[in-house]
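Student: Could we walk through this structure together, one question at a time?

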Amino acid sequence: MTGERIFRIGVLGSGKGSNFVAIADACAAGSVPAQVAVVVSDVAEAGILSRARERNIPAHFLPPGKFRTKLDEETERSYIEALRAAKVDLVVLAGFMRVLKDAFLGAFAGRIVNIHPSLLPSFPGLAAWKQALAHGVRVTGCTVHFVDAGVDSGPIIGQQTVPVLDDDTAETLHQRIHAAEHALYPRCVAALARGEITVQGRRVVWRTAS
Ligand code: GRF
């Protein structure tokens, strides 16, 4: 026992939760030196909640309020409170389908990360793999980035390339990007938990802890 406090992660998601599973299982296996302290979803029946409960991780549905693409002020406060109550060091967005506003960004400044299914800054926004296929790029991938007030626009922490194959459909390409995400996201979260990541303006520097 070192007596050191374990790094605590709060995960927000609206969907299946496969990235959450990759991170939670990497924590359990010890390759990410952290613990998922809480999972919060805006969708009552989201797979991410059941997958968290299967792992005995506290999981809450918090009703999203009156808007479709963001949280209203009161709702946003309930999200902040749930994450603060769990004493999280890092907020990990894993398929959370709402834009976070100033109160939330301020509450966890510099401590919110997201994964996006393209090589940003190409193809921000929805269905990025479809955008990549329609554009005809030969290489796409996924990006882990800090969250700022824009859409998929914060400083880039890590990227993983994925080739676009001649016979790819939107579905096959999406599946390969998803598989790349499951390797990239735990690697980035591990570096954050180890304190190996610093931000210099838009540039994120990885420093291997000695
Ligand atoms: C991922 O493709 C991620 O890039 C995007 O949302 C999806 C979440 O998938 N932000 P899952 O719920 O982790 O399976």
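Student: How do the residues of the lining of the largest pocket divide into nonpolar, polar and charged?
Tutor: This is a predicted model, in which local features need pLDDT of at least 70, side-chain atom pairs count only at pLDDT 80 or more, and totals for chains, interfaces and linings use all residues. Residues are numbered from 1 along each chain as its sequence is written, and side-chain values use heavy atoms, with hydrogens and water left out. Ala, Val, Leu, Ile, Met, Phe, Trp, Tyr, Cys and Pro count as nonpolar, Asp, Glu, Lys and Arg as charged, and the others, Gly among them, as polar. Sorted that way, the lining holds 17 nonpolar, 15 polar and 5 charged residues.

Student: Is serine 118 buried or exposed?
Tutor: Serine 118 is found in the loop between β5 (112-116) and α5 (128-135); here helices (H or I, at least four residues) and strands (E, at least two) are DSSP runs, numbered from the N terminus. Its contacts (heavy atoms within 4.5 Å) beyond four places in sequence include Phe123, Ala128 and Thr140. Buried means under 20% relative accessible area, exposed over 50%, partly exposed in between (1.4 Å probe, protein chains only). Serine 118 has a relative accessible area of 0%, so this residue is buried.

Student: In β5, which residue is the bridge partner of leucine 93?
Tutor: Two strands pair if DSSP finds at least two bridges between them. Strands β4 and β5 run parallel and are joined by 3 bridges. Within β5, the partner of leucine 93 is asparagine 114.

Student: Why does valine 147 count as partly exposed?
Tutor: Valine 147 sits in the loop between β6 (139-146) and β7 (156-163). Leaving out residues up to four places away in sequence, valine 147 touches Leu93, Leu105, Ile112, Val113 and Asn114. Valine 147 counts as partly exposed because its relative accessibility is 22%.
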